[in-house]
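Me: I would like to go through the labels used for this model one by one. For each, please set the value against the cut-off and conclude.

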Amino acid sequence: PEAAPPARAPPLLTVAALNLKTVVNHRANVNEIASASVVYVRDVRADSATPTATLRDVNKVRHFSCVRRLDGVSMPPGWDQMVRNENDTNPAARRTKSVVLSSQTSE
């Protein structure tokens, strides 16, 4: 009889959640994406619950958001300053020297 191959641990996964907010463009009669947010977690095991410590580990959990300026619609007064302030003061942005909120012009 053949020996059973050694058991291997399942691979670790990267899991992401995507949230899209849409608005109706009445001129073109289509939905347009106005904002997108992503949260992702690295090193998730598929065969057991994810430990709370993993979900609190800043090296394993990341997020970002993007808001698009729509055609013909102005952003609220002070929006660009608020975006800069969020990226300057947000603990995750400061720790990782990254952007957590981005304001984009229309495509």
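Reply: pLDDT is the predictor's confidence in each residue, from 0 to 100. The model is predicted, and the protein chain averages a pLDDT of 86, with 96% of the residues scoring at least 70.

Me: Where in the protein chain is confidence lowest, and where is it highest?

Reply: Strand S4 (residues 101-104) has the lowest confidence, at a mean of 76, and S1 has the highest, at 94.

Me: How many residues lie between S1 and S2 in the hairpin, and which residue in the turn has a positive phi?

Reply: Four residues separate the two strands of the hairpin, and asparagine 29 in the turn has a positive phi of about 55°.

Me: Why is arginine 68 called buried?

Reply: Buried means under 20% relative accessible area. Arginine 68 has 13%, so the label buried applies. This arginine lies in strand S3 (residues 61-68).

Me: What does the side chain of arginine 68 meet in a salt bridge, and how do you know that the contact qualifies?

Reply: The side chain of arginine 68 meets that of glutamate 32, at 2.9 Å from N to O. The cut-off is 4 Å between a side-chain nitrogen of Lys or Arg and a carboxyl oxygen of Asp or Glu, so the pair is a salt bridge. Glutamate 32 is in strand S2 and arginine 68 in strand S3, so the bridge ties together parts that are 36 residues apart in sequence. Both residues are buried. The side chain of arginine 68 also reaches the backbone oxygen of isoleucine 33, at 3.0 Å.

Me: What makes lysine 60 and aspartate 43 a salt bridge?

Reply: Their side chains meet at 3.1 Å, N to O, and the limit is 4 Å, so the pair counts. The two residues are 17 residues apart: lysine 60 is in the loop between helix H1 (52-56) and S3, and aspartate 43 is in strand S2.

Me: Why are lysine 60 and aspartate 43 called partly exposed?

Reply: Partly exposed covers the range between buried, under 20%, and exposed, over 50%. Lysine 60 has 23% relative accessibility and aspartate 43 has 37%, so both values fall in that range.

Me: How many salt bridges does the structure hold?

Reply: The structure holds four. Among them is the one between aspartate 47 and arginine 45, whose closest N and O atoms are 2.8 Å apart. Aspartate 47 is partly exposed at 46%, and arginine 45 is partly exposed at 41%.

Me: Which residues make the nonpolar surface patch of about 280 Å²?

Reply: Leu18, Leu20 and Ile33 make the patch. Patch residues need over 30% relative accessible area. Leucine 20 has 41%, so leucine 20 passes that cut-off. Leucine 20 lies in strand S1 (residues 13-25).

Notes:
Residues are numbered from 1 along each chain as its sequence is written. This is a predicted model: local features need pLDDT of at least 70, side-chain atom pairs count only at pLDDT 80 or more; totals for chains, interfaces and linings use all residues. Side-chain values use heavy atoms; hydrogens and water are left out. Buried means under 20% relative accessible area, exposed over 50%, partly exposed in between (1.4 Å probe, protein chains only). A polar contact is a pair of N or O atoms within 3.5 Å; within protein, one must be able to donate a hydrogen and the other to accept it, and residues adjacent in sequence count only if both atoms are side-chain atoms. Patches are made of residues with over 30% relative accessible area and no salt bridge: like charges are joined within 9 Å, nonpolar side chains (Val, Leu, Ile, Met, Phe, Trp, Tyr) within 5 Å. Accessible areas come from the Shrake-Rupley method with a 1.4 Å probe; for residues, only the protein chains shown count as cover. Two strands pair if DSSP finds at least two bridges between them.
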